Amino acid sequence: MNKVFITGTDTAVGKTAVSLALLKMLGQQNFVCAGYKPLAQNAQLTDQGLRCGDAQLLQQASTIA
């Protein structure tokens, strides 16, 4: 099992954008991959609980649920 951890020194430095690009590239090459956002800023309370737009984008770009 291979893992990649994307980190940055501040908010809004492109961690999600890089992660989305990697997930898309790996998915196109038939890798099984999932993106996670262990810490999320600006989460919104919804009927389904707290939701973060970046985390939802990573989920959508993942090849597994």
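User: Where does Val-4 lie relative to helix 1 (15-28)?
Analyst: This is a predicted model, in which local features need pLDDT of at least 70, side-chain atom pairs count only at pLDDT 80 or more, and totals for chains, interfaces and linings use all residues. Residues are numbered from 1 along each chain as its sequence is written, and side-chain values use heavy atoms, without hydrogens or water. Helices are DSSP runs (H or I, at least four residues), numbered from the N terminus. Val-4 is in the segment before helix 1.

User: Is Val-4 buried or exposed?
Analyst: Buried means under 20% relative accessible area and exposed over 50%, with partly exposed in between (1.4 Å probe, protein chains only). Because its relative accessibility is 66%, Val-4 counts as exposed.

User: Which helix gives the most to the lining of the largest pocket?
Analyst: A pocket is an open set of points on a 1 Å grid with protein on both sides within 12 Å along at least five of seven lines, and lining residues have an atom within 4 Å of a point. Here 33 residues line the largest pocket, and Val-4, Ile-6, Ser-19, Tyr-36 and Leu-58 lie nearest its centre. Helix 1 and helix 2 (53-61) each supply at least two lining residues. With 6 residues, the most comes from helix 1.

User: How much space lies in the second largest pocket?
Analyst: Its lining includes Tyr-36 and Leu-58, along with residues such as Lys-37 and Gln-59. The space in the second largest pocket is about 160 Å³.

Technical notes
1 Å grid on protein atoms, 1.4 Å probe; cavity = no way out; pocket = protein on both sides within 12 Å on 5 of 7 lines; lining within 4 Å. Points joined across faces, edges and corners; volume = space filled by probe spheres on them.
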